[in-house]
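These are my notebook entries on one protein model. I record below what I looked up, entry by entry.

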Amino acid sequence: MKTTSSRKDTLRGVLGYVGRYRSYLWASLVLCVITVASTLYVPILTGDAVDLLLGPGAVDFAALWPILAGILALVALTALAQWLMGLCNNRLTYCTVRDIRRDAFAHIQHLPLSYLDQQPTGDVVSRVIADVDQFADGLLMGFTQLFTGVLTIVGTLFFMFSVNAVIAAAVVVITPLSLVAAAFIARRTFRMFTLQTRTRGEQTALIDEMVTHQKVVRAFSMEDETQRRFDEVNERLEKCSLRAIFYSSLTNPATRFVNALVYACVGVAGALVAVTTGGITVGQLSAFLSYANQYTKPFNEISGVVTELQSALACAGRVLDLIAQPPETPDAPAELSHVDGSVAIRDVSFSYTPDRKLIQHLNLNVSPGQRIAIVGPTGCGKTTLINLLMRFYDVNEGRIELSGQCIADVTRKSLRSAYGMVLQDTWLKAGTIRDNIKMGREDATDDEVIAAAKATHAHSFIKRLPEGYDTVITEDGGSLSQGQKQLLCITRVMLCLPPMLILDEATSSIDTRTEQRIQRAFEKLMTGRTSFIVAHRLSTIENADVILVMNQGDVVEQGTHGELLTRGGFYARLYLSQSEQ
């Protein structure tokens with residue numbers, strides 16, 4: 001997933017988020033002006049104090065003490081303004097980052113599954129976590145140092161021109177060299193940092209993949225191959241990072257060289273003016289040298305900020321690119337009402353990619369309360385049909401009707417709430433066993449949770465856990481077996497009792513004895529409910545009202561178990577091949 005946003009688009013997007021907190025921005029700018037003004041006025045007072053040192057034993061203390069008191073007051077004002085400015089900058093930065101993360105995560109909830117299926121999970125996670133963190137660091141440095149640096153440069157120029165216009169003009173003539181050097185390097189560092197963040201996302205995706213599937217890696221002795229893949233990405237990241245840092249690090253010494261020239265010119269020119277024409281006093285020269293130092297210092301800071309901002313903009317570009325991805329088709333305003341369980345699939349065609357046809361002109365009518373079994377070889381389109389029924393994907397042609405309403409004309413939430421779904425791939429969240437079961441119905445009582453667990457025969461193994469229903473499990477079930485995790489997922493559905501069911505290989509990871517018990521529980525659960533059952537083991541769907549036999553995206557046969565065996569067709573061959581095993 002590459003970043004397609006230009007730097008201008010990224011900057012415009014960032015400013016849009018920052019603009020939400022313009023009150024903090026303006027407060028920071030005002031405090032920045034106070035900080036810079038009070039800091040820059042101190043050298044004027046210092047120069048006045050120096051001019052009061054008339055000679056050995058000749059000091060005008062009467063005039064000196066008010067100046068020293070003024071310097072002390074300005075230092076205190078500067079410290080207070082800097083502290084308040086820091087509070088505003090932190091608030092502005094982390095409110096902006098919070099909004100970007102919130103919008104990114106919220107947008108992921110509305111992205112088409114087709115998009116998420118094509119993206120490495122680790123790369124998406126890297127954008128929302130690592131890239132936003134990097135962006136926050138750059139944004140905070142920008143607010144903290146960039147504004148102060150720019151105002152310091154402007155302020156010192158003003159004060160220097162007020163002291164001596166000739167020397168100040170010499171400073172202005174030399175200054176553009178520093179700006180040209182910084183701009184030249186900044187254009188190149190943005191491309192380098194963009195490549196660095198992209199490669200870091202690739203590395204995060206690889207680490208996430210390998211850690212998640214570590215058992216498979218070890219089972220097939222792929223540790224060395226995995227290490228080689230990681231080393232290759234890691235070395236590319238090292239090279240990208242070194243190039244980015246190398247180019248960005250050129251900015252500071254380049255600006256320091258120009259700044260040294262400025263300071264030297266001020267010292268030499270000021271001394272010549274003081275000696276030859278007397279157009280500047282010693283106190284004014286000391287103030288001028290202080291201004292020259294303060295004038296050049298921000299260039300070093302700004303060069304570092306510019307480098308950090310290139311990295312921050314590159315990271316922000318990746319996050320904003322994710323947020324800019326087109327969401328799924330907006331919901332229709334209508335709610336699905338009165339679900340009676342009837343389903344009509346009318347001339348539906350669908351394919352994941354245009355060049356590979358899958359389901360073509362599928363027609364099916366399901367009466368309320370029927371049990372529809374979907375069977376066929378791997379890749380024939382069984383799970384795809386479920387995805388279309390749940391509207392995880394939209395059909396390319398045709399329409400699907402539920403209880404007489406086209407599912408494209410109702411909200412996805414009302415559609416999916418009509419189904420209880422148990423998948424072959426289980427998912428459990430970090431939390432207690434009770435919390436995971438109550439995902440089926442948040443307002444369920446403890447007695448209802450226990451009753452649902454007993455119905456699915458999950459109660460016995462739950463009671464053997466250290467804390468029973470209060471046992472905390474980690475993400476994806478932790479140490480629970482695959483069968484136990486699947487039992488919990490089935491219990492969720494048993495708890496919510498939806499009007500329709502989808503069982504996609506729901507008992508594939510459960511032993512035969514437990515499967516028989518769960519089948520009896522499913523019999524009770526499916527009574528009076530339209531049910532779609534995807535199964536590989538054909539013995540589990542012999543009692544289905546209708547069996548759809550799919551092959552290469554088409555329904556090649558349709559009927560009851562007995563009817564299909566009598567025909568001696570594709571289903572009969574599948575059934576007999578399993579019976580012989």
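**Entry 1: the sheet**

I began with strands β6 and β7, which run antiparallel and are joined by two bridges. Strands here are DSSP runs of E of at least two residues, helices are DSSP runs of H or I of at least four residues, and both are numbered from the N terminus. Two strands count as paired if DSSP finds at least two bridges between them. The model is predicted, so I noted that local features need pLDDT of at least 70 and side-chain atom pairs count only at pLDDT 80 or more, whereas totals for chains, interfaces and linings use all residues. Residues are numbered from 1 along each chain as its sequence is written, and side-chain values use heavy atoms, with hydrogens and water left out.

In β7, Cys406 stands opposite Glu401. The two strands β6 and β7 form a hairpin with two residues between them, and Ser403 in the turn has a positive phi of about 55°.

I then followed β6 (residues 397-402) to β3 (residues 343-350): five bridges join this antiparallel pair. Arg346 stands opposite Arg399 of β6, and Ala344 stands opposite Glu401 of β6.

Which order do the four strands of the open sheet take? I read the order as β4-β3-β6-β7, with antiparallel pairing. The edge strands are β4 (359-366) and β7 (405-406); each has a single partner strand, so one side of each is left without a neighbour in the sheet.

Helix α11 (residues 382-389) lies across β3, β4 and β6, at about 115° to β3. Such angles run from 0 to 180 degrees between N-to-C directions, and axes are lines fitted to C-alpha atoms, for helices over the stretch in contact. Contact means heavy atoms within 4.5 Å.

**Entry 2: helix α14**

I asked which residues of α14 (residues 446-455) are buried. They are Val449, Ala452 and Ala453. Buried means under 20% relative accessible area, exposed over 50%, and partly exposed in between, with a 1.4 Å probe and protein chains only. These three cover an arc of only 100° around the axis, which puts them on the same side of α14. The arc is that of the directions from the helix axis to the C-beta atoms. Asp447 and Lys454, on the other side of α14, are exposed. The cover over the buried residues of α14 includes α13 (433-437), α15 (459-463) and α16. Just after α14, His457 takes a positive phi of about 65°.

**Entry 3: the nonpolar cores**

A nonpolar core is a set of buried Ala, Val, Leu, Ile, Met, Phe, Trp, Tyr and Cys residues joined through side-chain atoms within 4.5 Å. The largest has 39 residues, of which Ile433, Ile462, Ile541, Ile547 and Tyr571 touch the most other members. Helix α16 (residues 482-496) gives the most to this core, with seven residues. Another core lies apart from it; this one has 33 residues, among them Phe350, Ile386, Ala418 and Tyr419.

**Entry 4: the whole protein**

I counted 19 helices and 14 strands in the protein. Of its 581 residues, 46% count as buried. Among contacts between residues at least 6 apart in sequence, 78% join residues at least 24 apart.
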